[in-house]
Amino acid sequence: MGPIFSLADFLDMLRRRAAVILYVVVAGSILSLWVALNQQHMYHSAEVIQVTRPTIADELAKSTVEGSSARRMQLIEQRLMARGTLLDIIEKFGLYAELPSLTPTEKVVMLRNAVSITGVAAVREGFADDGTISVLTITAMLPTAEQARQVASEFGRRTIELSVSSRIAQARETLSFFAEKENALVSQIAKLEDEISAFHTANDVALPGTAEFRRNEVATINEGLLDIEREKILIRRSADQASATERPATARRMLAEAQEQLATLDAQRDLLVQRKSELEAALQTTPEVQRQLGVYARQMQSLQGELETVSTRRNEAEVGFRLETSGQGERLTVLEPAGLADYPSTSARKNKALLGGVASVLAGLAFAFVLELRAPVLRSAAQMERETGLAPVASIPVLDTKPQGRGLRDILRNWRRLLPQKMARR
């Protein structure tokens with residue numbers, strides 16, 4: 001306590017520092033009253049948005065919009081709190097028009113601090129947290145109730161629009177990606193087929209169906225050659241028999257006919273042999289050609305498998321895009337629209353003025369105590385005996401020889417002079 005060791009010392013300090021304390025209290029009270037009168041009331045408004053689940057189960061028709069709703073809401077909040085968006089809202093509703101000295105940056109900062117977006121996580125299913133949000137609350141605190149309601153409603157509307165547009169855009173990009181990939185694979189397969197066809201033509205390689213047809217044709221030619229050889233044998237035997245049994249003139253005539261038949265059969269045999277040689281040459285391929293044909297077959301198999309997978313994904317992406325465009329996926333709905341506040345959210349001016357008065361009294365006492373610490377003077381016999389252990393022989397009171405007046409300083413001086421006498425009587 002410093003020089004204050006008893007209640008009498010405290011009261012003596014109050015008596016001697018009454019003017020200082022009074023000045024501090026009066027000044028602080030006036031300042032508190034001025035601050036309370038100039039206080040700007042703030043009104044609170046909130047809009048509650050519910051995050052609803054898709055109307056069709058994911059097992060039946062899965063959406064292509066991946067990621068948790070919490071992450072999507074975070075991205076939407078970042079876009080809402082962007083400088084351009086906030087300036088549009090400020091201009092639309094004429095916010096902070098009563099403060100023309102503010103710069104656009106200061107207005108953006110004030111609005112950013114006045115609006116908050118909070119989400120409530122959905123109940124967990126099991127032990128895993130999938131980051132799903134069930135309720136989104138948008139709160140605005142502005143100088144007027146109408147502005148708070150308008151800003152909260154505007155942020156809610158923009159949140160819903162951004163959610164819908166972002167989901168549709170993501171589903172559209174997914175569908176476009178798989179559609180482009182499918183078209184690219186179809187083009188690659190067509191190009192590979194043309195390349196294989198050109199390779200067959202350049203190397204005279206028969207296609208699988210053509211090769212089988214040519215083998216059957218070779219077999220037929222072989223049968224025809226056998227038939228020709230049989231006929232030739234029969235013709236020769238007939239000619240030999242005619243030479244042995246017939247007359248010379250008849251034998252010569254029959255021999256000439258046999259020679260003509262044999263020449264015809266020889267011509268047929270030569271034609272069939274030539275055709276057979278061509279077919280056999282077409283069926284023969286080199287090892288290098290076989291290797292390249294294997295490479296082409298593996299490339300075609302790989303492209304067709306990839307095309308099948310991409311086609312399946314494209315179908316799923318198309319279903320997801322239709323879900324988003326028809327509004328059957330995850331969507332945001334206004335559960336509780338923003339309303340007008342009945343009372344301001346800030347504390348009452350009377351309470352602020354009262355708190356300021358109490359703080360002024362405490363500040364006056366603290367200031368008086370600091371003054372006492374800076375001037376540690378022994379002012380009474382009790383203090384001298386306590387500090388030195390010696391009792392004074394006599395105490396001479398302070399005599400005020402100034403005439404008494406009726407001013408504030410005279411009243412305080414008389415009150416300080418009469419206070420010790422009243423304390424002694426008690």
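**View 1. The chain as a whole.** Of the 426 residues in the protein chain, 30% count as buried (under 20% relative accessible area; exposed is over 50% and partly exposed is in between, with a 1.4 Å probe and protein chains only). This is a predicted model, where local features need pLDDT of at least 70, side-chain atom pairs count only at pLDDT 80 or more, and totals for chains, interfaces and linings use all residues. Numbering runs from 1 along each chain as its sequence is written, and side-chain values use heavy atoms, with hydrogens and water left out. The chain has 12 helices and four strands (DSSP runs numbered from the N terminus: helices are H or I with at least four residues, strands E with at least two). Take the contacts between residues at least 6 apart in sequence: 81% of them join residues at least 24 apart (contact means heavy atoms within 4.5 Å).

**View 2. The open sheet.** Four strands line up in the order β2-β3-β1-β4, with antiparallel pairing (two strands pair if DSSP finds at least two bridges between them). At the edges sit β2 (115–121) and β4 (331–336), each pairing on one side only. On average, neighbouring strands are turned by 25° against each other, direction ignored (axes are lines fitted to C-alpha atoms, for helices over the stretch in contact, and angles run from 0 to 180 degrees between N-to-C directions). Zooming in, β2 and β3 (residues 133–142) are joined in the antiparallel sense by seven bridges, and V120 stands opposite V135 in β3.

**View 3. Helices on the sheet.** Helix α5 (residues 104–114) lies across β2 and β3, and it runs at about 30° to β2. Helix α6 (residues 145–202) packs on the sheet too, touching β1 (43–52), β2, β3 and β4. The direction of α6 makes about 20° with that of β1.

**View 4. Where α3 meets α6.** The axes of helix α3 (residues 69–80) and α6 come within 10 Å and cross at roughly 125°. That angle makes α3 oblique to α6 (under 35 degrees is roughly parallel, over 145 roughly antiparallel, 65 to 115 roughly perpendicular, and the rest oblique). On the α3 side, the residues involved are R72, M73, I76, R79 and L80; they meet F155, R158, T159, L162, S163 and R167 in α6.

**View 5. Aromatic pairs.** A search of the whole structure turns up two of them (rings of Phe, Tyr and Trp, its six-membered ring, pair if their centres lie within 6.5 Å; planes under 30 degrees apart are stacked, over 60 edge-to-face, the rest tilted). F177 and F178 pair edge-to-face, at 5.2 Å centre to centre with 75° between the planes. F177 is exposed at 51% relative accessibility, whereas F178 is buried at 17%. The rings of F199 and Y296 are also edge-to-face, since their planes are at 70°, with centres 5.6 Å apart. F199 belongs to α6 and Y296 to helix α9 (residues 287–325), so this pair ties together parts 97 residues apart in sequence. Both partners are buried: F199 has a relative accessible area of 16%, and Y296 comes in at 7%.

**View 6. V35 and G356.** V35 lies in helix α2 (residues 18–37) and is partly exposed, with a relative accessible area of 41%. How far apart are V35 and G356 in sequence and in space? They are 321 residues apart along the chain, yet 9.0 Å apart from C-alpha to C-alpha.
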